[in-house]
Amino acid sequence: MTPSIQPEILGHFGPYGGRFVPEALIGALDELEAAHISAIADPTFQAELRELQLTYTGRPSIITEAKRFAEFAGGARILLKREDLNHTGSHKINNVLGQALLTKRMGKKRIIAETGAGQHGVAAATAAALFGLECVVYMGEEDTRRQALNVARMKLLGAQVVAVKAGSRTLKDAINEAMRDWVTNVESTHYLLGTVAGPHPFPTMVRDFHKIIGEEARDQVLELTGRLPDAVLACIGGGSNAIGIFHAFIPDTEVKLIGLEAGGDGVETGRHAATLTGGTVGVLHGTRSYVLQDENGQTIESHSISAGLDYPGVGPEHAFLLDSGRAQYRAITDDEAMNAFATLCKTEGIIPAIESAHALAGAMIIGKEMGPNSILLVNLSGRGDKDVQTAADYFKIDLA
Amino acid sequence: MTTSLENLMRKTRKENRAALIAYLPAGFPSQKGSRKALEVLAHAGVDAIEIGFPYSDPVMDGPIIQAAAEISLKSGTGAKDVFDTLNFVHELGLACVVMTYWNPIEKYGPQKFASEIARRGGSGVITPDLTIEESLGWSAATDAAQINRIYVVAPSTTDERLKAVVERCSGFVYAASLMGVTGGRTSVSSQAKDLVERIRSISQLPVAVGLGVSSRIQAREIAGYADGVIVGSAFIKVLLEAQNEEVGLAQLRELAEELVAGVREGR
Ligand SMILES: Cc1ncc(COP(=O)(O)O)c(C=O)c1O
């Protein structure tokens, strides 16, 4: 079955998506949906967003062919979509600028955001500074420790960072706390959600702000190679960078779409964040999708060396793409990701985010499967500065 | 068929008073302590019980219910314990509903869940995060099991939507007293009364007010205009903060008696 380009009806992607939220939030979600729909059709909004993409983010992001890295990927041509070169260092800025403009459009003065790796929090704090909005970022206490550098960045940008001490003290608990804030302050506040999950319209809206990644890349690859890539690869946390690069290629059924999930210690150990590979259908954070859960429907804590992928849910459109067979998803272990991380550093002079290293590890495996004549487009979703401490610990680099 | 909850709401209307509905998560303060606490509430004169299905990601709940859910989940509470607790309350002679986020129902199977509620003597289920757009299967399941379907509406709910949600409710309509999460507040927001009046203008169903009620004065105030007063966090707080379970149960009894008196002073 080939899914249509716009499979969502009433915020659903097949059986996935929808809204599972307190009634108190329905008004705000309706308002947001209306603002999004009217903004899409409004040339002034589009021009303003375009201007920001050109003069603030630094779009279009370039394509770098990773020739030396390719030797470790079965000799396949590896084309990196350099979202790491965006302002703030990841793809997250695409969504944040779009939603910040919508916040202004709705007349709201305060944004809240959740963050795992800190990249979305930094992007949100950046947009808040740019637009003069008050900004509160919720971050699991565990993640504030793993990503201390990004905590400092957010504070420098004027945001308040709240360390969440509930539950597993990671991204899922940060989302819970942000939802509680939103229920309480919904009139003044926009919840600037950082990925393609959550209740409708977030999965659709966040995708729309990221689909520029794939639109640019499709043209760039055609120009560079004269044809479409054989496969498009991206890491999957909530799924925003992946849906962003996949979306333009969905009608190109000959192009494989491959999402790389965080396999942690290995899916078979139970210590992982590979929701589509190792989870089951359920409802989490307002949407129906795949979830890591036990027999009572309680969320199981995820595990990954990468804070940005350490999430037990995933966006509903990915669940739909999985079931329909249009995309496939594989798990990459911590060790495989860190090996790819080190390989890219040493072969290309690029330090990737550990999140993105999962996509690179996928390229090392899939390149070998598809062989030297294949072309793989890989979304390099972020840069690795924030991960230097984690990598130094992992590789036991002497910092003295 | 009428449920025990419907019979209760009829009876309290006849007595011209509001019902006091107490919320406790299953398995809290401990598996055994939960039954003792429910007995205390029943003996103190509470009219109905909401058994909470503790959930890992309770986005509608403040720190107190979060803490209780965490304690309960750590001791392994699952669907079976929720149904056993429901049955225990039924045998104490009180009307009893389950309050749960949607995912535990989805995982259990909506039809199976609804029929198990009925089989164990429960009257219905409160679903704080199930929107009416997603409720087709649940409506069928609850109709088949002949149990009440209770949705939570908020001050921000538009008139048009309020009508659509209330039409799908039975037993009572749960009116959230304010925009926010569960947890004690010192005063009742004026939004509560407005919301109850808006519901009254479109429906004959009983209306119960919850979120933030913790004192006799608040219970009295709400009982003046609502059919039910729902108290959760205040009871849980007493149990959480007591040095031991015995002291906690004694304080629980005191608070329950205060609130039972409060709802009778409302009119
Ligand atoms: C660089 C980078 N890539 C990927 C992700 C994962 O998110 P998503 O799957 O929504 O792209 C994150 C999240 O923090 C990130 O920082």
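A salt bridge is taken here as a side-chain nitrogen of Lys or Arg within 4 Å of a carboxyl oxygen of Asp or Glu. By this rule, 3 salt bridges span the interface of chain B and chain A. One pairing, that of B:R161 with A:E23, brings the closest N and O atoms to 2.1 Å. The model is predicted, so that local features need pLDDT of at least 70 and side-chain atom pairs count only at pLDDT 80 or more, while totals for chains, interfaces and linings use all residues. Residues are numbered from 1 along each chain as its sequence is written, chains are lettered from A in the order in which they are written, and side-chain values use heavy atoms, with hydrogens and water left out.

Turning to the interface as a whole, 19 residue pairs of chain B and chain A are in polar contact, both at pLDDT 80 or more (a pair of N or O atoms within 3.5 Å, one able to donate a hydrogen and the other to accept it, residues adjacent in sequence counting only if both atoms are side-chain atoms). On the chain B side, α5(B) provides the largest share, 5 residues (helices are DSSP runs of H or I with at least four residues, strands runs of E with at least two, numbered from the N terminus). Contact, meaning heavy atoms within 4.5 Å, involves 35 residues of chain B and 33 residues of chain A. Together the two chains bury about 2700 Å², with 48% of it on carbon and sulfur atoms; this is the accessible area (1.4 Å probe) lost on putting the two parts together, summed over both. Of the area that chain B buries against chain A, 22% comes from B:V59, B:K107 and B:E134, more than from any other three residues.

Inside the chains, the largest nonpolar core has 98 residues, and B:L41, B:I49, B:W138, B:V229 and B:F235 have the most contacts inside it. Such a core joins buried Ala, Val, Leu, Ile, Met, Phe, Trp, Tyr and Cys residues through side-chain atoms within 4.5 Å. Helix α12 of chain B (residues 245-264) gives the most to this core, with 7 residues. Apart from it lies another core, of 94 residues, including A:I111 and A:V137.

A:N86 sits in the loop between β5 (77-82) and α4 (92-105) of chain A. Because its relative accessibility is 1%, A:N86 counts as buried (under 20%, with exposed over 50% and partly exposed in between; 1.4 Å probe, protein chains only). Its side chain reaches the backbone oxygen of A:S90 at 3.3 Å.
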